[in-house]
Amino acid sequence: MAQLTRVSGSVGLITLQNPPVNALSAAVRQGIVDTVKKAVSDPLVKCVVICGQNGVFCGGADIREFGAPMTGPPLVPMIHAIEATNKPVVAAIEGAALGGGLELALGCHYRIIHSKARVGLPEVTLGLLPAAGGSQRLPRLIGVPAALELITTGRHVSAAEALKLGIVDQVTDDNTVDTTVKFALSVVGRSLESRRISTFPCPPVSDLDAVFDVAMQRVRQSARGAIAPVTCVQAVRAAATLPYTQGMKREQELMATLFTSGQARALQYCFFAQRAVSRWSMPSGARWDTSKPRPISKAAVIGLGTMGRGIAVALAQAGLSVVAVETQEKQLMDAKQAVSGMLERGAKRRGVAPALGLVSYSHNIQAVAEADLVIEAVFEDMDLKKKVFQQLSAVCKPGTLLCTNTSSLDVDHLASQTPSPELVVGMHFFAPAHVMKLLEVVYGPRSSPQAVATAMQLGKKMGKVSVAVGNCRGFVGNRMLKPYMEQAFFLLEEGATPELVDQALEEFGFAMGVFRMSDLSGLDVGWRVRKADGLVDPDATSGRSARIRQGRRYSPLGDLLCEQGRFGQKAGRGWYQYDKPGSRVAKPDPWLHNFLEQYRARHGLGVRHIDHQEVLERCLYALINEGFRILEDGIAAGPEDIDAIYVFGYGWPRYRGGPMFYAGMVGLANVLERLEHFHQVHPDVPYLQPCSLLRRLVASGSPPIQKWREVIRKVHSQL
Ligand SMILES: CCCCCCCCCCCCC/C=C/C(=O)SCCNC(=O)CCNC(=O)[C@H](O)C(C)(C)COP(=O)(O)OP(=O)(O)OC[C@H]1O[C@@H](n2cnc3c(N)ncnc32)[C@H](O)[C@@H]1OP(=O)(O)O
């Protein structure tokens, strides 16, 4: 797990060996302790180089070990022992030195990095802090403000920035290990007194209290309930105010508060869930590892509204040549300007040249003839999309993959418009498409595994978290949103206000509550869908029938607001009021409160006190229940898929792991019991009826989330 070889006569080369990222497992730590001891005691070894196998220095502590009792040598004394040696130890950083990996490198006397490698202390993203001395050494090395920023955000920095900040001593474009070996030989005999970071005083900061107050305010605001960023600030403060030994003690104490926390568990689950979703499977048995994607070099986007523009940008930024088609000349010109602007701003942010030349524009659909893959992003209207698919089938070269960016329409139905339905998949992007991380790749019964593999790989290339899901109304994300929003509407009928509901959800950690979100995205969107579904009935104004549709409880509140032109932010009024149309500052609206009172009176609805707990249970458990139905239906392959969708696309607080993980944390039996209760109280709300998979999981002893797939498999095999 760590191998010592002697190279160039007198250099002890220690290679960490734990593929794929040389994480510091118990065996690797033991290997480092043993090899360092051996190298130090070998008179033929004059200096030591530590590197990682397969082009990666070290991805940090082994996250998989965190759930179990710690074994093997601990990191802190291991790193101290390296720092204390009287032979120079130099880190040769290729690929990445992250978390414990960078902390290990900070214990070395020098650090050489390859120009393409990156470093960082991302522990905060896992609900932890850099507790292998990182919170104490980094501020001593690069100063408090820079260390605070890196530790509280977990940001990875490039080799060039690492050099500028003083984290590394040299950047190389050549073979990193060879360069480091030469470097190590060149420093043999030099005093190491000034190279031990733990002995450095923390560089003084002029107004320490102000710096930490500002940092604390910043993290509290952006972390919205996450505890690790706050704890990271406290740890860095210890570095700035205490001698090293005491600072280390404080680091350990603070780490102890985080290490077993629910937030840390949730964030570490998210880390693996994000990776697990790339190992997709379909009910047919097709899988990620047996399906080969097609190479895509030229893509096309049809329809350059907001979504189409964002998709074109995302494709170009991924290095693909893009044909952007919009039949309306004026819209085409506007889109060209908008896309160029987005590409320029994105390139500036990333410090690269804008990929303007990769995008060509046309008002003629014939221009897509040579594309390997086309993404249709026209208005959400089945007839229009069908027409586009028929045109594409006539124009595109054989084998072109046809994708639709629909958020809810039937992908199978669209596929049936083409002679090659196996080449059709949904690519459900989220607005703004070049920014949002989530992509739902929707397969139908006829989509070929190769088509799915290609869309998944393209998503990865665009930097998305791509999740393969089956075709159903709303797919996964929007399907689960429906019961969630429905409960929010019902709560208004029963006595809540939009402010109360939103506050409960925002305190839970959502960036925006359901009503603020609805105002942002526009109330008319849902209204159109409900109209198409035959749910909107302007004549049903009073009596019981006004609140029943298709045999189930229905709240017409959203429809009534739309009838008043209250479409949300863009109209300057919706569930809230705004200073002017387009303004983003939501203010409680006395008109709406009055409207709700009148509505309740008209329908004879008693007002009761509703607290935050009820808001959370009603809204979230209804959403979770639908998640279980989705698993039962085989629309999502596992709970990780649902959780990734909610964390990366719907603002679910990452430190709560996603809805299915959250259900496990609350206790499946508790969720079931509350749903049973709510369904008893509201028997006309089918979404509150506990799903049979949830019952089954509870009956099988509420296994941990990692075991749910076994129960789901059993359910499917019995169908
Ligand atoms: C009672 C209380 C006691 C309290 C006291 C406790 C004291 C304990 C002290 C411990 C102190 C620890 C301090 C240090 C903590 C850490 O180091 S936490 C880890 C920090 N590191 C990271 O966050 C880096 C995570 N990894 C990455 O960002 C990327 O993987 C990468 C390194 C940049 C490589 O990216 P890429 O090439 O894209 O590959 P991936 O697909 O992401 O990963 C490949 C597989 O490797 C798995 N993996 C990656 N990193 C780790 C890791 N650190 N541990 C375990 N596994 C890792 C990853 O999951 C992939 O595998 P699959 O999931 O199977 O796909």
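1. The shell around the ligand holds 18 nonpolar, five polar and four charged residues. Here Ala, Val, Leu, Ile, Met, Phe, Trp, Tyr, Cys and Pro are classed as nonpolar, Asp, Glu, Lys and Arg as charged, and the others, Gly among them, as polar. In total, 27 residues surround the ligand, and Gly59, Gly60, Ala61, Gly99 and Gly100 are the closest. A residue is near a molecule when its C-beta atom, placed from the backbone, lies within 6 Å of it.

2. The model is predicted: local features need pLDDT of at least 70, side-chain atom pairs count only at pLDDT 80 or more, and totals for chains, interfaces and linings use all residues. Residue numbers start from 1 along each chain as its sequence is written.

3. Which elements each supply at least two residues of the shell around the ligand? They are β5 (96-98), α10 (244-259) and α11 (262-276). Of the elements, α10 gives the most, with three residues. Helices (H or I, at least four residues) and strands (E, at least two) are DSSP runs, numbered from the N terminus.

4. Helix α5 (residues 144-153) and helix α9 (residues 228-241) have axes that come within 9 Å and cross at roughly 155 degrees. Axes are lines fitted to C-alpha atoms, for helices over the stretch in contact, and angles run from 0 to 180 degrees between N-to-C directions. The crossing angle therefore makes α5 roughly antiparallel to α9. The terms are set as follows: under 35 degrees is roughly parallel, over 145 roughly antiparallel, 65 to 115 roughly perpendicular, and the rest oblique.

5. In the contact between these helices, Val144, Ala147, Leu148, Ile151 and Thr152 of α5 meet Pro229, Cys232, Val233, Val236 and Ala240 of α9. Two residues are in contact if their C-beta atoms, placed from the backbone, lie within 7 Å. The residues of the contact of α5 with α9 comprise nine nonpolar, one polar and no charged.

6. What angle do the axes of helix α2 (residues 75-84) and helix α3 (residues 100-107) make where they cross? The angle is roughly 30 degrees, and the axes come within 8 Å. As a result, α2 is roughly parallel to α3. Leu75, Ile79, Ile82 and Glu83 of α2 make the contact with Gly100, Glu103, Leu104 and Gly107 of α3. By class, the residues of the contact of α2 with α3 are four nonpolar, two polar and two charged.

7. Some backbone geometry deserves attention. Most residues other than glycine have a negative phi, and most peptide bonds are trans. Pro19 and Pro20 are joined by a cis peptide bond, with omega about 5 degrees, and Pro20 is in the loop between β2 (11-16) and α1 (26-41). The peptide bond from Ala431 to Pro432 is also cis, with omega near -10 degrees; Pro432 is in the loop between β15 (424-429) and β16 (438-443). Ser8, a residue other than glycine, has a positive phi, near 50 degrees, and is placed in the loop between β1 (2-7) and β2.

8. For residues 298-471, UniProt lists "domain: 3-hydroxyacyl-CoA dehydrogenase NAD binding" in an unreviewed entry. UniProt positions are given in the numbering used here, feature names are shortened, and annotations may be inferred rather than shown by experiment. That span is 38% helix and 23% strand, with its end C-alpha atoms 26 Å apart.
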